[in-house]
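Okay, thanks everyone, I'll keep this short. Let's get the model up on the screen and talk about what's inside it.

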Amino acid sequence: MGDSKDLVPVARRAIPIARMRHVYRVDEVGRKLDKLPPKEHDNLRATYERMIEKGSERFQVKPSGLPVMDHLYDDLPNFAEVLDDVRRQLALCEDSRDALEITPLLLLGPPGVGKTHFARELSILLGTGMGFVSMSSLTAGWVLSGASSQWKGARPGKVFETLVDGQYANPVMVVDEIDKAGGEHAYDPLGALYSLLEHDTAEAFTDEFAEVAIDASQVIWVATANDARNIPDPLLNRMNVYEVQAPGREAARHIAAKLYRAIRADHDWGSRFDPEPGTDVLDRMSEMAPREMRRAWMTAFGNAKLARRDHIEPVDLPDGGPRKAAIGFVQ
């Protein structure tokens, strides 16, 4: 597992597709398929057939040079420490044959503060896909690692699906609200992460549904949480942990103004409004959490339109409660 061959680099946002990587063994899948009893395990049979049809090679991307990240520092001012760390790790492999390695990230902060938006932007920067798993409603570990095909309604886990059905060997995988994971002791939702976050064991990760070893060693992990106290120490020790504070008033004004311009540019009706919002409106917007800003702007645009105005006034904004702690940008 894990053998690779070089390809001619293809530019993609300064991160080329550098090589192909085998994420499973097709011959092993074929042996598993041959052993299935006739007219049984239809879902498992379809999974094996899909794996054989798609083949085992996936794109593995790495930088040909250090990518431009200024826009991320601008959009996500309170993620500067995280971006600094990612930038250092990108620099290490930019002029070597080593694969891209990013230590698993844990982003601590209150709900609705842009942690998922950060992960999405990271996947765009790296040129990979993104998988997403919400841990807040899970009661069993199979959502990450799959459930045995012997169980009714069983299916592969999210890690397996992202690697087999996706195009990349090193996608960004978001484990959202990791501190909210629950469930019975026999089905620990976080159990699979102990091996997935370790490079050596992740290289031969076995999904319980397919029972075929998958190379998940290149997955880039981003976990989010509100409170680290609910996360087992062995998992914390496998991740770089960041506590990002709420943006200051000027940073919040900057985020709100940039979002105003983006919404205005994305809609045909936006041209009917002033290019920039007023200072008094930005003062009000700076009191909101980033996730609230998009809804507030959309409400304000609509109210201004109904009032036949080409600009937004503070009265157009929805009434908001006390400002919530916030980091980053809108999700």
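So, the largest cavity: there's about 30 Å³ of space in there. Keep in mind this is a predicted model. If you set the threshold at 30 Å³ or more, the structure holds one cavity. And how do you find something like that? Rolling a probe the size of a water molecule over the atoms shows where empty space is left.

What lines the largest cavity? You've got Val175, Ile178, Leu193 and Leu197, then Trp221, Val222 and Ala223, and also Met239. Strand S9 gives the most to that lining, with three residues. Sorted by class, the lining comes out as eight nonpolar residues, with no polar and no charged ones.

Now, some of those names come back when we look at the packing. The largest nonpolar core has 42 residues, and Ile178, Leu193 and Trp221 are among those with the most contacts inside it, along with Tyr48, Met51, Leu106 and Val159. Which elements give two or more residues to this core? On the helix side it's H1 (26-35), H2 (42-54), H7 (158-165), H8 (191-196) and H10 (233-236), and the strands are S4 (105-108), S6 (172-176) and S9 (220-225). H7 brings the largest share, four residues.

Let me zoom in on Tyr48. Leaving out residues up to four places away in sequence, Tyr48 touches Val29, Lys32, Leu33 and Leu36, plus Ala210 and Val212.

How values were computed: Residues numbered from 1 in each chain as written. Predicted model: local features only at pLDDT ≥ 70, side-chain atom pairs only at ≥ 80, totals over all residues. Heavy atoms only, no water. Core = buried A, V, L, I, M, F, W, Y, C linked by side-chain atoms within 4.5 Å. Buried < 20%, exposed > 50% of the residue type's maximum accessible area, 1.4 Å probe, protein only. Contact = heavy atoms within 4.5 Å. 1 Å grid on protein atoms, 1.4 Å probe; cavity = no way out; pocket = protein on both sides within 12 Å on 5 of 7 lines; lining within 4 Å. Points joined across faces, edges and corners; volume = space filled by probe spheres on them. Nonpolar A, V, L, I, M, F, W, Y, C, P; charged D, E, K, R; others polar.
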